[in-house]
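Morning, everyone. I'll keep this brisk. Let me put the structure up and then walk through it.

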Amino acid sequence: MISEGLRHFTEIPLSIVGMLLFIVTFITVTIWSFLSRQDLHEMAQMPLHEEEISHE
Amino acid sequence: MKAVNSLVEDIYYDDDIVKKFILATLVFAGVALAAGVMVALQLAFWPMNLNSEWLSFGRLRPLHTNAAIFAFAGNAIFAGIYHSSQRLLKARLFSDFLSRVHFWGWQAIIVAAAITLPLGYSHGKEYAELEWPIDIAITLIWVVFAVNFFGTLAKRREKHMYVALWFYIATIITVALLHVINSAEIPVSAFKSYPVYAGIQDAMVQWWYGHNAVAFFLTTPFLGLMYYYLPKAANRPVYSYRLSIIHFWALVFIYIWAGPHHLLYTSLPEWAQTLGMVFSIMLWAPSWGGMINGLLTLRGAWHLLRTDPIIKFFATAVTFYGMATFEGPLLSIKSVSSVGHYTDWIVGHVHGGTLGWNGFMIFGMLYYLVPRLWKTELYSVKLATAHFWTGFLGTIAYYLSMVVAGITQGLMWQAMTPDGRLMYPDFIETVTRILPLYWVRAFGGILYLAGFLLMVYNLYRTIKGAPVSVPEKVRVVNTRDVTAVETGHRGLEGAVTVFSVLTFLAVLVGSVIEIYPTLALHKYLPPSAQVEPYTPLELAGRDLYIREGCYLCHSQQIRPLASEVLRYGSPSTAEESMYDHPFQWGSKRTGPDLARVGKKYPDLWHYRHMLNPRVVTPQSIMPNYIWLATNDTDFLVLRKKFSVLKNMGTPYSDDQVANADIHAEKQAKEIAKSLEAQGGPSGLERKEIVAMIAYLQALGQKAKETPK
């Protein structure tokens with residue numbers, strides 16, 4: 001079954017390049033996303049800030 | 001604006017432009033949905049084509065898709081982006097002038113589309129049918145939109161970009177890239193052009209565009225709207241901001257590779273199909289990241305589902321998004337695609353997404369925005385709830401009927417008897433089997449339209465009862481501390497240029513890896529490949545085929561599946577379409593594949609079939625094309641067409657170009673004589689029907705060694 005699946009990968013170098021790019025990007029972003037809890041909490045609240053109407 | 005101190009300012013948001021886009025959304029939603037009901041009825045009951053050149057299925061279907069995507073969803077996207085961006089950035093839009101140019105320019109494009117598409121001015125490429133002058137207008141207006149949006153980002157008072165804005169950035173950048181690359185074309189006349197790509201190159205570019213139109217016009221902006229309006233409506237923060245970071249970058253990187261999943265088992269190179277399949281499956285994860293974030297934002301607010309129609313719409317929209325983004329990867333697996341491709345299952349999948357995800361997100365957003373912008377209460381919550389249930393039932397009826405129809409078609413096409421013959425050798429058997437489901441689909445569409453009309457009435461009464469609008473000043477605090485040094489994604493959220501460049505690079509990677517190798521066509525053609533290009537008359541007929549939208553119901557691409565080879569002949573090869581500007585492989589088989597229909601039937605059969613298909617196939621649902629027998633062929637323009645195609649690499653001689661019209665007239669006389677000899681009418685040599693017959697008889701006949 002593995003060999004049958006692999007038969008579809010006729011352009012192996014390109015497929016590997018694509019896979020590697022994805023994995024590197026995914027890991028980079030995952031590590032990069034480890035921000036402080038306070039920052040994440042603050043950003044999540046952004047849409048909930050009510051507009052303050054100015055009466056001047 | 002007045003500064004109270006250096007950090008606090010009073011400003012006016014531009015909500016007038018938001019109101020304009022909302023009203024345009026309502027108008028064109030009506031057009032899009034009504035056109036959709038019309039084409040659905042035309043499939044269930046062919047006389048609904050009304051024997052009209054301008055209202056036949058092939059002319060109206062592109063009107064429906066363009067209206068739904070660019071007029072309905074497009075106007076809604078602009079309304080939501082302009083409303084939410086100002087508030088997230090604490091800044092009025094960059095330029096009132098650009099906002100109005102954007103609005104009126106976009107509506108002018110829509111009107112131009114609504115006029116030109118029924119007239120038959122079409123590229124013959126799905127979701128990119130609009131001809132070159134309108135393509136240029138789209139480019140210009142999109143630049144206006146981009147300048148207005150990025151200008152607002154530049155003058156923002158909030159340093160960090162909330163997640164919704166990332167999705168808007170990805171939309172603007174990628175749609176520009178998709179449109180410019182896919183619209184590369186050479187004009188022949190004011191409303192006719194040929195794409196610079198042909199055959200497998202055109203297929204690759206078209207479906208890179210086509211799938212990413214779904215991704216970056218129907219998904220990313222709506223995810224952005226979800227990230228703003230769902231928390232606002234539920235008064236709950238987004239479930240996981242970290243998840244939004246991960247799924248955003250994964251989504252924009254992976255989505256762009258998925259295009260070839262529309263071309264599985266075609267003559268597209270195997271490696272490209274594999275990449276499309278694998279990345280489509282991987283796409284499930286970041287898509288569901290968005291779904292999970294959306295649904296779990298409602299933690300602690302699920303009680304609102306009972307009472308608040310806005311939450312009903314949003315929660316259902318996100319659920320349909322989850323369904324569609326599971327079904328999509330499933331359909332991208334080659335073995336599943338072998339059943340589903342060309343069937344109504346794909347239509348069901350599309351409409352689960354567009355009606356359920358896009359439509360319901362828009363409706364929820366409109367119910368949220370209209371009372372707030374017009375400073376009043378919604379006229380009737382009960383009507384909004386009635387709209388929800390009507391639309392929901394309509395969507396379910398549409399979706400289920402099409403999935404059942406599609407699987408039925410796919411399995412019937414592939415069914416073989418024990419002795420290796422087709423169980424259903426006549427294509428019409430599958431059509432008649434699923435016809436009742438076409439009625440269910442039309443009913444579903446009518447329900448959806450009815451629900452929409454409830455909303456129009458509700459919002460009309462809401463706006464009518466609103467007080468006179470007075471712009472309100474809003475007090476904002478400038479928190480843009482440019483001296484603070486931040487690292488990681490936090491820093492990136494404050495660096496618009498870097499963020500935008502990284503987004504562009506993310507979408508560029510997949511694009512280059514998939515498209516660039518495909519441009520080297522000679523790599524995929526055997527050295528002996530010899531294909532005759534179309535004669536002038538055949539080209540005239542091909543352009544009629546495109547004008548009438550025949551590719552919307554007929555494919556021209558035989559897959560290397562045993563049942564297809566038995567039914568249609570040997571599988572299509574890359575070289576057979578190497579001079580096809582545009583490619584016409586098709587994506588749907590409402591009728592049979594035509595790749596090897598050439599010389600299968602006599603000329604008179606085609607004449608009778610085109611004028612009234614029921615003469616040769618009594619249960620056919622194909623429209624009558626009676627105008628082809630009365631309209632005259634434009635022979636003179638063939639010289640210019642041949643010249644353009646020769647410049648794009650089609651091997652025509654100078655004599656063929658200079659005398660294209662003379663050669664066409666000569667061939668037309670021969671076909672007209674043959675029709676008369678077979679018992680048909682005389683005097684047809686200048687009529688379009690003869691050109692169409694010439695083209696149909698050429699299909700599958702152009703390779704010098706026609707595969708058996």
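In which sense do strand 3 and strand 4 of chain B pair, and over how many bridges? They pair in the antiparallel sense, over 4 bridges. Strand 4 covers residues 192-195.

Before I go on, the ground rules. This is a predicted model, where local features need pLDDT of at least 70 and side-chain atom pairs count only at pLDDT 80 or more, while totals for chains, interfaces and linings use all residues. Residues are numbered from 1 along each chain as its sequence is written, chains are lettered from A and ligands numbered from 1 in the order written, and side-chain values use heavy atoms, with hydrogens and water left out.

Two terms for the strands. Helices (H or I, at least four residues) and strands (E, at least two) are DSSP runs, numbered from the N terminus. Two strands pair if DSSP finds at least two bridges between them.

Back to strand 3 and strand 4 of chain B. A hairpin joins them through 2 residues. Look at S189(B), which lies in strand 3, residues 185-189. Is S189(B) buried, exposed or partly exposed? Partly exposed, because its relative accessibility is 32%. The cut-offs: buried means under 20% relative accessible area, exposed over 50%, partly exposed in between, with a 1.4 Å probe and protein chains only.

Next, strand 5 of chain B, residues 473-477. Strand 5 has a partner within chain B: strand 2, residues 8-12, runs antiparallel to it, joined by 5 bridges. There, I11(B) stands opposite V474(B). Strand 1 of chain A, residues 52-53, meets it in the antiparallel sense over 2 bridges. E52(A) has R475(B) as its bridge partner. As a reminder, in a regular strand the side chains alternate between the two faces of the sheet.

That takes us to the interface. How many residues of chain B are in contact with chain A? 47, and they touch 34 residues of chain A. Contact here means heavy atoms within 4.5 Å. The area buried between the two chains is about 3800 Å², and carbon and sulfur atoms give 69% of that. R242(B), R475(B) and R490(B) supply 18% of the area that chain B buries against chain A, more than any other three residues. Buried area is the accessible area (1.4 Å probe) that two parts lose on being put together, summed over both. Note R475(B) again: it is the bridge partner of E52(A).

Now a buried side chain. Q557(B) sits in the loop between helix 19 (536-547) and helix 20 (562-568) of chain B. Q557(B) counts as buried because its relative accessible area is 1%. Its side chain reaches the backbone nitrogen of S267(B) at 2.7 Å. Beyond its neighbours within four places in sequence, Q557(B) is in contact with residues including T266(B), Y342(B), W585(B) and R589(B).

Aromatics next. There are 58 aromatic pairs over all chains. The rings of W284(B) and W288(B) are an edge-to-face pair because their centres are 5.5 Å apart and their planes are at 80 degrees. The rule: rings of Phe, Tyr and Trp (its six-membered ring) pair if their centres lie within 6.5 Å; planes under 30 degrees apart count as stacked, over 60 as edge-to-face and the rest as tilted. Both tryptophans lie in helix 10 of chain B, residues 284-296, 4 residues apart, about one turn. W284(B) is partly exposed at 35%, and W288(B) is partly exposed at 28%.

Last, the backbone. Most residues other than glycine have a negative phi, and most peptide bonds are trans. What is the peptide bond from H581(B) to P582(B)? It is cis, with omega near -5 degrees. P582(B) is in the loop between helix 20 and helix 21 (603-611) of chain B. K599(B) is in that loop too, and its phi is positive, near 65 degrees. K599(B) is exposed, at 61%. Y127(B) also has a positive phi, about 65 degrees, but Y127(B) counts as buried, at 16%.

Note on methods: A polar contact is a pair of N or O atoms within 3.5 Å; within protein, one must be able to donate a hydrogen and the other to accept it, and residues adjacent in sequence count only if both atoms are side-chain atoms.
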